[in-house]
Structure formats: structure tokens, C-alpha cells
Amino acid sequence: MNHYFTDNRHLKENRKELSFRFWCFTCTFVTDNGVFSKDAVDYGTRALLNTVHEHGQMGNSVLDIGCGYGVIGIVLKKEFPHADVTMVDVNPRALQLAKENAVRNQVSVNVLESDGYENLEGSMFTDIVTNPPIRAGKAVIYKMFEEAYDHLEEDGAHWVVIRKAQGALSAKAKIESVFGNCEIVHRDKGYFVLKSVKRN
């Protein structure tokens, strides 16, 4: 099986275009075989973006980790143009799409290949946002949660969306053990949006 969190450039291409209306603007995204949620922007991503929008805040340096074809990072850059947005993924096909989609939506973002935080040494962010690759397993996503702490500035925020049926409550407990806090900011059709803040 060719998972979206692996290098699957060998898959046959089957590109399609999606239109996504958010707030006061519409974005278009090209997707392909071998990327997460190829046929539509997934509900978890929508819930996460809506929650961030309702809170009305992003700092000046944002990381979208596990960016896929770029929805979260690109939409956040459109809504918060002051922010420097970095988008990373381990899947080269997804990254190529993310770069193309940034150009298509006329935003300037940094798109990097990185397995988790592997290629982000020394980088610090005011906000880290993720719809994590659940199918990669707890070991992978829990490591992402642990390493997020070390890449956040003081008072920086860590935003995660995860379905209750896929371990939202255990993820909340894990994040709380790392950050010392974790709030369920929003619940929407079984999806939990979690927020934690780095404090000394």
C-alpha cells in the first residue's frame, strides 16, 4: 500500500483540481494520487482552519507540518499575510503540489522536505499547526508532538486536529505531558481541535 506519508513518486499521476471556499476567499488546489485527501479538503482540516479563524490569531512565523498538497499553510498565509509560513512534508509528490498550489494561489511560502523536524534544526516558530498523519502510527505522531515543543518560541501555540475515534483523548494526554497544558478548543463531528502553549 502506498501511504501518503512516504515517497511515492512512482505512482501513476492522476491530477485533479479542487476549489475550496474559506472565509472571504476561494483557493484552488491541484491534487494527485498518493496524497492525503485527494478528492476533497478533509473535514479535519476544515475544522482546524475554522477554529484558528475564530480565534483570529497567528504569530509572525507559522509551521504547517505534514502539509500535504498545502491547504493549511496556504490558507493561513492568505488569512494572515504578515506571517512567514513554512510548510514541510516527507512526501516529495505532495511537496511539488504544495509549491505549485502556492503559486496558483499567489502566496509566498517556504516549502521544504523534512521527515518531521529533521531538516528544521534551529528553526523556531510562533505557531505550529498540524493535521497529523494518523496512519503513520502513534510513535511517529507522538514524536512530532514532543519535537514541536523545542521548535516553538516562548508563548508559541501548537494546534492539532484529530478525530476522537483515532485517539484524540490519548493525544491530548500526550501533548499535555509535553507542554504542561492542552485545551480542547473545539469539537466538530467527532474531530477535536487541540491547542497547547509553550510556557516556562
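This is a predicted model: local features need pLDDT of at least 70, side-chain atom pairs count only at pLDDT 80 or more; totals for chains, interfaces and linings use all residues.
Contact is taken here to mean heavy atoms within 4.5 Å.

Helix α4 spans residues 138-150 and comprises 13 residues. From its first C-alpha to its last it reaches 19 Å, close to the 18 Å expected at 1.5 Å a residue. Buried positions in α4 are I141, Y142, M144, F145 and A148. Viewed down the axis of α4, the buried residues fall within an arc of 150°, so they line one face of the helix. An α-helix has 3.6 residues a turn, so residues three or four places apart point the same way. The face turned away from the buried side of α4 carries A139 and D150, which are exposed. The buried residues of α4 are covered by elements that include the strands β3 (61-65), β6 (125-130) and β7 (152-163). Helix α5 (168-179) is also included in this cover.

E146 and K174 form a salt bridge, with a distance of 2.6 Å from N to O. E146 belongs to helix α4 and K174 to helix α5, so this pair ties together parts that lie 28 residues apart in sequence. E146 counts as partly exposed because its relative accessible area is 37%, between the limits of 20% for buried and 50% for exposed.

In total, 6 salt bridges were counted in the model.

Another of the salt bridges joins R15 and E100, whose side chains meet at 2.7 Å, N to O. This pair links distant parts of the chain, 85 residues apart. R15 is in the segment before strand β1 (16-22), and E100 is in helix α3 (residues 92-104). R15 is classed as partly exposed because its relative accessibility is 38%. E100 is likewise partly exposed, with a relative accessible area of 29%.

Terms used. Residues are numbered from 1 along each chain as its sequence is written. Side-chain values use heavy atoms; hydrogens and water are left out. Helices (H or I, at least four residues) and strands (E, at least two) are DSSP runs, numbered from the N terminus. The expected span of a helix is 1.5 Å times one less than its number of residues. Buried means under 20% relative accessible area, exposed over 50%, partly exposed in between (1.4 Å probe, protein chains only). The arc is that of the directions from the helix axis to the C-beta atoms. A salt bridge is a side-chain nitrogen of Lys or Arg within 4 Å of a carboxyl oxygen of Asp or Glu.
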